[in-house]
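Okay, thanks for making time for this one. Let me put the model up on the screen, and then I'll walk you through it.

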Amino acid sequence: MRLGVKVGQGCTALMDASMRNLPCTRLEMDEVWGFVGKKEKHVRMEDADGVGSVWTFCAIDADTKLVPAFKCGDRTEATAKAFVADVASRMRLRLQISTDGLKAYTGAIEDAFGGEVDYGQIIKTYGVEETHPQRRYSAPDFVSAEKKAIVGNPDFALISTSYVERLNATTRLHMRRLTRLTFGIQQET
């Protein structure tokens, strides 16, 4: 484990030093849930700090698929602000940023970029989850998506979180602690 920690620390230092003054123009941001030690519903008062749910905030350049920054923590405004401030410190040009409807992003992006960003949200609506036994592990059906300009003048055709969601899905697929639903196709009966 010590070797793994040292390698991780070295990679973090390299990323922090190398990922500066980036020419990105279009970023997508999202967060993915995971857990440390055990899932939140199994955490007890006597468990060590840091056990339970953890969220990994991630940004991806929609053009190059470069991941300039990520941040692990709670799904709170404080973690979102630290993450977005880190992203802002790495960029050289004015950006268009796309996120989902998580409210924490709005204040974090305004604090980090001020008015020097074009920021839009895509808010997806899903149907009510069915409780039929055969659909127990199925995601609810997609109903609609609404795009909103939050700051600046984002290009509505480019407001999307598809690439970052694909990154999160691939990450979940390869890391057991981030696994949720699989990519299996459900047969309607």
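**The sheet and what packs on it**

Helices and strands here are DSSP runs, H or I with at least four residues for helices and E with at least two for strands, numbered from the N terminus.

Before going further, the housekeeping. This is a predicted model, so local features need pLDDT of at least 70 and side-chain atom pairs count only at pLDDT 80 or more, while totals for chains, interfaces and linings use all residues. Residues are numbered from 1 along each chain as its sequence is written, and side-chain values use heavy atoms, with hydrogens and water left out.

Okay, the overall layout. The protein chain has four helices and six strands, and along the sequence they come as α-β-β-β-α-β-α-β-β-α. The six strands form an open sheet with mixed pairing, in the order β3-β2-β1-β4-β5-β6. At the edges sit β3 (70–73) and β6 (142–151), each pairing on one side only. From one strand to the next, the twist averages 20°; angles run from 0 to 180 degrees between N-to-C directions, with axes as lines fitted to C-alpha atoms, for helices over the stretch in contact.

Back to β1. On the β4 side, three bridges join β1 to β4, and those two run parallel; Glu 28 has Ser 98 as its partner there. So how enclosed is β1 by the rest of the structure? Largely, because 10 of its 11 residues are buried. Buried means under 20% relative accessible area, exposed means over 50%, and partly exposed is in between, with a 1.4 Å probe and protein chains only. For the protein chain, buried residues make up 32% of the 189 residues.

Now the helices. Helix α3 (residues 103–113) lies across β1, β2, β4, β5 and β6, at about 170° to β5. Helix α4 (residues 162–174) also packs on the sheet, touching β1, β2 and β5, and its direction makes about 25° with that of β1. Contact, by the way, means heavy atoms within 4.5 Å.

Which residues of α4 are buried? They are Val 164, Asn 168 and Ala 169. These residues are on the same side of α4, because they cover an arc of only 140° around the axis, taking the directions from the helix axis to the C-beta atoms. Their cover includes β1 and β2. On the other side of α4, Leu 173 and His 174 are exposed.

Last, two loop residues to look at. Most residues other than glycine have a negative phi. Asn 21, though, has a positive phi near 55°; it is in the loop between α1 (2–18) and β1, and at 49% relative accessibility it counts as partly exposed. Lys 65 has a positive phi too, near 70°. Lys 65 lies in the loop between β2 and β3 and is partly exposed at 38% relative accessibility.

Terms used:
Pairing = 2+ DSSP bridges.
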